[in-house]
Amino acid sequence: MNNVALIGIGETHMGNSHGLSTLELQSQAAMAAIKDAGLTKQQIDGLIVAPSIADNFMMPSMTLADYMGIANLGYSTSLALGGIGGCA
């Protein structure tokens, strides 16, 4: 069995996005969570993304990974369940 740790939290400023795209906002929050966890994006091997309702990306988790330059993911998925769901 693999050891699993869910660590780090990040969020963006609430309110006017000042022209930032949804990918920019998601990336800001993800980078804040990675920093909070004491990791680098090169250490990320799994990504779970809540898709934006403003965009219609076919594969939101892979779109964000590509945008952020995160490679070699062992797992990625998107959950459109308002934060509720099971992943393994």
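Biologist: Let's start with Ser27: what is its relative accessible area?
Modeller: Happy to! A word on the source first: this is a predicted model, where local features need pLDDT of at least 70 and side-chain atom pairs count only at pLDDT 80 or more, while totals for chains, interfaces and linings use all residues. Residues are numbered from 1 along each chain as its sequence is written, and side-chain values use heavy atoms, leaving out hydrogens and water. Ser27 is buried (under 20% relative accessible area, with exposed over 50% and partly exposed in between, for a 1.4 Å probe and protein chains only), and its relative accessible area is 12%.

Biologist: Which residues does Ser27 touch, beyond its sequence neighbours?
Modeller: Ser27 sits in helix H1; helices are DSSP runs of H or I with at least four residues, strands are E runs of at least two, and both are numbered from the N terminus. Contact means heavy atoms within 4.5 Å. Not counting residues up to four places away in sequence, Ser27 touches Leu64, Tyr67 and Met68.

Biologist: How far apart in space are Leu64 and Ser27, C-alpha to C-alpha?
Modeller: Leu64 belongs to helix H2 and is buried, with a relative accessible area of 4%. Beyond four places in sequence, Leu64 touches Leu23, Gln26, Ser27 and Val49. Leu64 and Ser27 are 37 residues apart along the sequence, yet their C-alpha separation is 7.1 Å.

Biologist: At what angle do the axes of H1 and H2 cross?
Modeller: Two packed helices are described by the angle and the distance between their axes. Axes here are lines fitted to C-alpha atoms, for helices over the stretch in contact, with angles from 0 to 180 degrees between N-to-C directions. H1 (residues 22–36) and H2 (residues 60–68) have axes that come within 10 Å and cross at roughly 75°.

Biologist: What does that make H1 and H2 relative to each other?
Modeller: Angles under 35 degrees count as roughly parallel, over 145 as roughly antiparallel, 65 to 115 as roughly perpendicular and the rest as oblique. With a crossing of roughly 75°, H1 and H2 are therefore roughly perpendicular.

Biologist: How many nonpolar, polar and charged residues form the contact of H1 with H2?
Modeller: From H1 come Leu23, Glu24, Gln26, Ser27, Ala30, Met31 and Ile34, and they meet Thr63, Leu64, Tyr67 and Met68 in H2. Ala, Val, Leu, Ile, Met, Phe, Trp, Tyr, Cys and Pro count as nonpolar, Asp, Glu, Lys and Arg as charged, and the others, Gly among them, as polar. By class, the contact has seven nonpolar, three polar and one charged.

Biologist: Which residues does Ala33 contact outside its sequence neighbourhood?
Modeller: Ala33 is in helix H1 and is buried at 17% relative accessible area. Its C-alpha lies 4.5 Å from that of Gly8, 25 residues away in sequence. Setting aside neighbours within four places, Ala33 contacts Ile7, Gly8, Ile9 and Gly10.

Biologist: Turning to the strands, which residue in E2 stands opposite Leu47?
Modeller: E1 (residues 46–49) and E2 run parallel, joined by four bridges; two strands pair if DSSP finds at least two bridges between them. Ile48 stands opposite Thr77, and Leu47 stands opposite Ser76.

Biologist: Which handedness does the β-α-β unit have?
Modeller: The elements run α-β-α-β from the N terminus, and the unit is made by E1, H2 and E2. A crossover is right-handed if, with the strands pointing away from the viewer, the path from the first strand over the helix to the second runs clockwise. This β-α-β unit is right-handed.

Biologist: And what is the phi of Asn72 near?
Modeller: Asn72 is in the loop between H2 and strand E2 (75–78) and is exposed, with a relative accessible area of 75%. Most residues other than glycine have a negative phi. The phi of Asn72 is positive, near 60°.
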